[in-house]
Amino acid sequence: MPAAEEARRTVGKVVDLLSRAVPGIEVRFLAMGPGGIPTKAPPVDPVVTDGEGIFEMPAPPVRGELEVASPRFVTVFAGESSDTARVRRPRIVVAPKGDT
């Protein structure tokens, strides 16, 4: 992959509270404006983590958060992605949802 193309990608990892990889979980991007207020942006398709909890997606065109969409897990710590970030290696921490 050419360096310019690689620079426009976000590669991150989803882990649980014990830092174990979480495979097969959907990761989605939520655009955020100033002050962390959700905003509209061109869509970025959700992706699913591989067997080692790694995900890869096109770098979002604006600043925002990466979180999971899962019936089994809740995002505890959202990864951040930015159109100006030099390093795009976010880590997302999740915890099992409680039975309520």
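1. The model is predicted: local features need pLDDT of at least 70, side-chain atom pairs count only at pLDDT 80 or more, and totals for chains, interfaces and linings use all residues. Residues are numbered from 1 along each chain as its sequence is written, and side-chain values use heavy atoms, with hydrogens and water left out.

2. Glu 67 counts as buried because its relative accessibility is 17% (buried means under 20% relative accessible area, exposed over 50%, partly exposed in between, with a 1.4 Å probe and protein chains only). Apart from neighbours within four places in sequence, Glu 67 is in contact (heavy atoms within 4.5 Å) with Glu 26, Val 27, Arg 28, Leu 30, Thr 75 and Ile 92.

3. Strand E5 (residues 64-69) runs antiparallel to E2, and 6 bridges join them. Strands are DSSP runs (E, at least two residues), numbered from the N terminus, and two of them pair if DSSP finds at least two bridges between them. Leu 66 in E5 stands opposite Phe 29. E2 also pairs with strand E3 (residues 47-48), antiparallel over 2 bridges; there Val 48 is the bridge partner of Glu 26.

4. In a regular strand the side chains alternate between the two faces of the sheet.

5. An open sheet of 4 strands has the order E4-E1-E8-E6, with mixed pairing. Its edge strands, E4 (54-58) and E6 (73-77), each pair on one side only.
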